[in-house]
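Subject: Structure for you to look over, with notes on helix packing

Dear colleague,

I am passing on the structure below, followed by my notes on what was found in it. Please read the notes with the model open beside you.

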Amino acid sequence: MTENHKPGILGQTPEELAELAGRLGGKPFHGRQIFRWVNQRGVFDFEQMTDLPQGLRKTLQEKAPINLPKVVKSTTAAADGATKLLLQYPDRQEAEAVIIRDRGKITLCLSTQIGCPLGCTFCMTGAMGFKRNLIAGEITSQFLFAKKCLKPGETVRNIVLMGMGEPLLNYDETLKAMRILTSEQGPGLAARRITLSTAGVVPKIHQLADENIKLKLAISLHAATNEKRNLLVPLNKKYPLEELLPAAEAFARKRKRRITFEYILIEGINDTPEDAMLLAKKVAPIPCKINLIPYNPTPFAPYKRPSLARINRFREILFPRTPAVTVRFSKGGEVEAACGQLAANYPLNHLPKKFLAPALTP
Ligand code: SF4
């Protein structure tokens, strides 16, 4: 952790803030009040925290940095109203959050790292390389700032940890952030409305299954053989399918809830009928649904998006062998990928539109 992204008030639990308030001459309950001001009401100025004693407000002003990020860019797509926020943290590193709109229901896509060390070969974030982990307050601040950008009547329905980074490689800070977002003294989001997307960090999937916070799990699968998955998701060389799929099954069974497999369809790489048959067979024992995501070409990767006919053929082989299959199309040719495709230069005017199988139209 560098000097510039030490935890400030953001990202602290009520207990940590109670302890801080005590150290600064206040009472423990003042810490819980600060937590509510920041995380429930989105107030970042101690002077406006009117139920705190004047003296404590002044001391906090002097001694307790809030470490707010700056929104350096906010762009809203004309096509579907999605808003991309580019946040800059005090050390000048930047991460993105995206507000995805669907008939008044809001899904927020949050980042957990700046860049990503996993280098999936189809992913823009992977192409950036890894800069650093985000700390809890830097993750929750994406939520708090995004909330301030909502239109009247809009409410956050879902959170997806599918922005920049691999959340399970930043396990403690990501979970701390999710505990804050689900706290009743904070935003009070339901854990079942938060989906953590991973490329398959197997030991951490097992660990997550035992946590008392019941997040939903999505796994970026993208191939049904190790040979192909090694090419697309190099992490597979460390945690191959023989380890990943049992971990996925154990998670789903322990939680008594389906997990989601994300599968980017890339022409000639993983979109053949044999791929579909093998995928259906491999996931058959696992309570799951599959999201198919037609790939969109980017300048840095040699991959192509399959034709609609190939996409339909793949889906028809999968469904109903796998009972729940969704195809997620982008309207303008760019796609919301499984995790981490919201890199800093993500072309916002091509954000995704979702279509449910079997009514598949481009
Ligand atoms: S797809 Fe996810 S895990 Fe893979 S490089 Fe991109 S951000 Fe990292």
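In helix α10, the residues Pro273, Ala276, Met277, Leu279 and Ala280 meet Arg313, Phe314, Ile317 and Leu318 of helix α11, where contact requires the C-beta atoms of two residues, placed from the backbone, to lie within 7 Å. By class, this contact of α10 with α11 has eight nonpolar residues, no polar ones and one charged; Ala, Val, Leu, Ile, Met, Phe, Trp, Tyr, Cys and Pro count as nonpolar, Asp, Glu, Lys and Arg as charged, and the others, Gly among them, as polar.

Before going further, please note that this is a predicted model, in which local features need pLDDT of at least 70 and side-chain atom pairs count only at pLDDT 80 or more, whereas totals for chains, interfaces and linings use all residues. Residues are numbered from 1 along each chain as its sequence is written. Helices (H or I, at least four residues) and strands (E, at least two) are DSSP runs, numbered from the N terminus, and the protein has eleven helices and 13 strands.

The pair α10 and α11

The axes of α10 (residues 273-283) and α11 come within 9 Å and cross at roughly 30°, the axes being lines fitted to C-alpha atoms, for helices over the stretch in contact, and the angles running from 0 to 180 degrees between N-to-C directions. That makes α10 roughly parallel to α11, since angles under 35 degrees count as roughly parallel, over 145 as roughly antiparallel, 65 to 115 as roughly perpendicular and the rest as oblique. The crossing of these two helices is right-handed, meaning that the near helix is turned clockwise from the far one by less than a right angle, with anticlockwise giving left-handed.

Within α10, Asp275, Ala276, Leu279 and Val283 are buried, a term used when 20 or more other C-beta atoms, placed from the backbone, lie within 10 Å of a residue's own, with 12 or fewer counting as exposed and values in between as partly exposed. These four cover an arc of only 100° around the axis, which puts them on the same side of α10; the arc is that of the directions from the helix axis to the C-beta atoms. Their cover includes β10 (259-265), β11 (288-294) and α11, while Pro273, Glu274 and Lys281 are exposed on the other side of α10.

Arg313 is found in α11 (residues 308-318) and counts as partly exposed because it has 16 C-beta neighbours inside 10 Å. Its C-alpha atom is separated by 8.9 Å from that of Asp271, 42 residues apart along the chain.

Two further pairs

Helix α1 (residues 14-23) packs against helix α2 (residues 28-39) at an angle of about 130°, with the axes 6 Å apart, and that makes α1 oblique to α2. The residues of their contact divide into eight nonpolar, three polar and two charged.

Helix α5 (residues 136-148) and helix α6 (residues 171-182) pack at about 45°, with axes 8 Å apart, and are therefore oblique to each other. Their contact is made by Ala136, Ile139, Thr140 and Phe143 of α5 and Glu173, Thr174, Lys176, Ala177, Ile180 and Leu181 of α6.

The protein as a whole

Buried residues make up 46% of the 362 residues in the protein.
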